[in-house]
Amino acid sequence: MPKTLFALAASLLAASFSALACEDCDPDTHATTTANDETAAPRQALGLVTVRGAAATSLPTVIPTTLEGLATADIARSINATDAEDALKYLPSLLVRKRYPGDYNHAVLSTRASGTGNSARALVFVDGIPLANLLGNGAAFTPRWGVVSPEEIARVDVLYGPFSAAYSGNAMGAVVDYQTRRPQQFEAHAEAGLYDQSWAYGPDQRHFQGRQASASLGDHAADWSWWLSLSRHDNEGQPLTFPTRTVASTAPAANAVAVTGAVAGLDRFGTPWWLLGAATQMHTVQDQAKARLTWQATPELRAQALVGLWRNAADAGSQSWLRDAAGNAVYSGPVSIAGQGYTLAANEFGLSHDEALHRLLGATLKHSAGDGPGAVNWEIAASRYDYAQDRSAQPLARGGASGANGATGRITRLDGSGWATLSAKASLKPADSHTLDFGAQQEHHIWRQRVATASDWLRGGTLTPFTAFDGETRLRSLFAQDAIALADTLTAVLGLRREQWQAFNGSKAAASGQTAYYARRSEGSWSPKLALGWAVAEQLDLRASLGRAVRYPTVGELFQGGLSGTGAYVEGDPTTNPDLRAERGVTRELSALWSSTQATQARATIFNENTHDALYAQTAVIAGKPVSSVQNIRRIATLGLELAGSGEATRALRWQASLTYADSRIKANDGFVATPGDTQGRQQPRVPRWRASALLSQAITPAVDLSLGARYGSTQYGNLNNADGNGRAYQGFSRYLTADLKLRWQVDKQWSTSVGVDNLNNARYWNFHPYPGRTWLANLRYDL
């Protein structure tokens, strides 16, 4: 489009949106400043945080809540980052359930008062584009970390709690905002990495290797800039599941095969069981490609387009530890273990094959006029994340050690699922002491699931429909946030968010072809916000924040379930619950922030969250019989303290550390696990009472850095009644203490290399699945 037409269109848009303004702006220059200026760290003032820079971001202009972040130099120097989520490793109160490098379907973000089973209580953005997977809530609905490579991160910031009106109720836990590199001249980068994990569990002692490579090019000439990146990640992870049998007291069948090799242990409830083998040993190959084009139409107006592709191929293998008298592996049928009888299913040691091609599209038109008095800034953005192809296949029978080639199986397709967003937001600054943010947003989530029985589980063959689930949700929002200085040392932020939610086109189909349709739902809510920032002294700020958030049910929570393992309806078993109520939470936070002239900072935060109608899978008595499904818990309350600090002990030694205590308990619940009332007063699942992290980085020479990190989490529970007290078992949730090490050498201006170790102490810890053992990493990078 010619510049004159583009400028005219921009003027019309500005008028139609009442001179809307962007949420983040550079006060002195437009977007052709240096990359460091564009992605500058948010600044602290009067107890609140102000965002500067013209880079694309989801951050509002004034942030009335706790914010922590890292720049690319911090990540490169101190963190063994194989995936984008590794940048969050040492930030306070955060844990990503990353089970192996490249974990694409279970790496859920846990926050202060939300566990790794609550994926829908955190938001993730890259360059302002949402990556959080709000199609469901749980381990399988992980953010789409794979579309961001660690080497392209310019900085990452985390907002804690639902205190900004600019975000939906899914920000109850936290908002993660990535900004990627923006070239200011021609640049080229190439990186290659290798890693090796030592694994030992039961008789299984192996090494698993991984490798990754990436390359990127970018340039900035006149009014245009562009960026291209490619990466491949090829990794083998450790086994994640283990076929088991509770110790029995029955005699073996007449045709039972006497086997050895089973490993005795205790399950998470302390009950004796046998571990029979190792399964879900993942081998993933992921490719990512991304292109970004930016046009600086005028000194204030910028247009940007982004296209991203993510492709994944993953195979999960398994092996039996059971051996017959001749030493052959036994995979199915009746067996005798220690004189007792058991029967192994045909698919006891399962296999799977996943293939996916996902597309990311984004476009932004942004006007940045600075942050001086009278500044008017605005932004219009649209994005789409599309499951172009998504297929998962499993055989119904293993067929022995050689696998299940040609066997009948089940194929699940999610093609056509995804989400789309549209937003217009603005920032006005009537005076130095007054900033007004406001905007409108829409999010549309679509779930399409088709399961078929295939004559050939790998190749498809003849397909027979088995089950199907469909559903959509739409959230439309308006928000306004007003920050005004009440005095020279006191600032107030008032925010209000209006949301209108709809659920529609919900249905499920059984193998018989019978289809159930669900009525359309529509609800609305108001979410007020309030924050006060007080500069008590030159080095001491106080902040008080209060926010309400409403987290509406996801498509998966509303419409999945209600069918048996044979694809038939379960009469009287309404495990699909289209009438779930929205989660409603009120969060309070009181913080004291201290900083010194030596760049040392310390923060103490008391936080309290009261959540009504929290969504969890549990049991309730319906129509006179117990039913397990996603249900509402009447109230969960969390009270905690978070301490965090960072600084430079000497010119060569940098440090950061955090300690969090959270008492998160179920206060009222109509449902139960085993008996009515058994969840009352119990600890919220997957939320540990104690978490801690520390990171030290020593500049041995100007070119060599050595970093040591450590992370700790106390005992957790997976069950609502906390009956699973043996966390150091498969399916358990254990405490952990693990250390990481990294040595980085900047060889010259272009070349750098690093070696590192994750889980240096080779800790064995669990979050239902096991985390990796000690892993060595080596990396080589070239920057032009």
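Q: In which strand is Ser 707 found?
A: This is a predicted model, in which local features need pLDDT of at least 70, side-chain atom pairs count only at pLDDT 80 or more, and totals for chains, interfaces and linings use all residues. Residues are numbered from 1 along each chain as its sequence is written, and side-chain values use heavy atoms, with hydrogens and water left out. Strands here are DSSP runs of E with at least two residues, helices are runs of H or I with at least four, and both are numbered from the N terminus. Ser 707 falls within residues 704-713, which form strand β37.

Q: Is Ser 707 buried or exposed?
A: Buried means under 20% relative accessible area, exposed means over 50%, and partly exposed is in between, using a 1.4 Å probe and protein chains only. The relative accessibility of Ser 707 is 1%, so this serine counts as buried.

Q: Which side chain makes a polar contact with the side chain of Ser 707?
A: A polar contact is a pair of N or O atoms within 3.5 Å; within protein, one must be able to donate a hydrogen and the other to accept it, and residues adjacent in sequence count only if both atoms are side-chain atoms. The side chain of Ser 707 reaches the backbone oxygen of Arg 77 at 3.3 Å. Its side-chain partner, also at 3.3 Å, is Ser 78.

Q: How many Å apart in space are Ser 707 and Arg 744?
A: In sequence, these two residues are 37 residues apart. From C-alpha to C-alpha, the distance between Ser 707 and Arg 744 is 8.5 Å.

Q: Which side chain joins that of Ser 693 in a polar contact of 2.8 Å?
A: Ser 693 sits in strand β36, residues 690-701, and counts as buried because its relative accessibility is 8%. A polar atom of the Ser 693 side chain lies 3.1 Å from the backbone oxygen of Tyr 90. The side chain that joins Ser 693 at 2.8 Å belongs to Ser 658.

Q: With which side chain does the side chain of Asn 133 make a polar contact?
A: Asn 133 is in the loop between β8 (129-130) and β9 (153-160). At 3% relative accessibility, this asparagine counts as buried. Its side chain reaches the backbone nitrogen of Leu 135 at 3.2 Å. The side-chain partner of Asn 133, at 3.0 Å, is Tyr 387.

Q: How many residues does the largest nonpolar core have?
A: A nonpolar core is a set of buried Ala, Val, Leu, Ile, Met, Phe, Trp, Tyr and Cys residues joined through side-chain atoms within 4.5 Å. Among the residues with the most contacts inside the largest one are Leu 88, Trp 145 and Tyr 178. Contact means heavy atoms within 4.5 Å, and the residues that Tyr 178 touches include Leu 88 and Trp 145. The size of this largest core is 58 residues.

Q: Which residue in β20 stands opposite Val 257?
A: Strands pair if DSSP finds at least two bridges between them, and an open sheet of 3 strands has the order β15-β20-β21 with mixed pairing. In this sheet, β15 (257-258) is an edge strand, pairing on one side only. Strands β15 and β20 (residues 333-337) run parallel and are joined by 2 bridges. Opposite Val 257 stands Val 335.

Q: What percentage of the protein chain do buried residues make up?
A: The protein chain has 784 residues, and its secondary structure comes to 4 helices and 42 strands. The buried share of those residues is 57%.

Definitions and conventions: Lists of a residue's contacts leave out its neighbours within four places in sequence.
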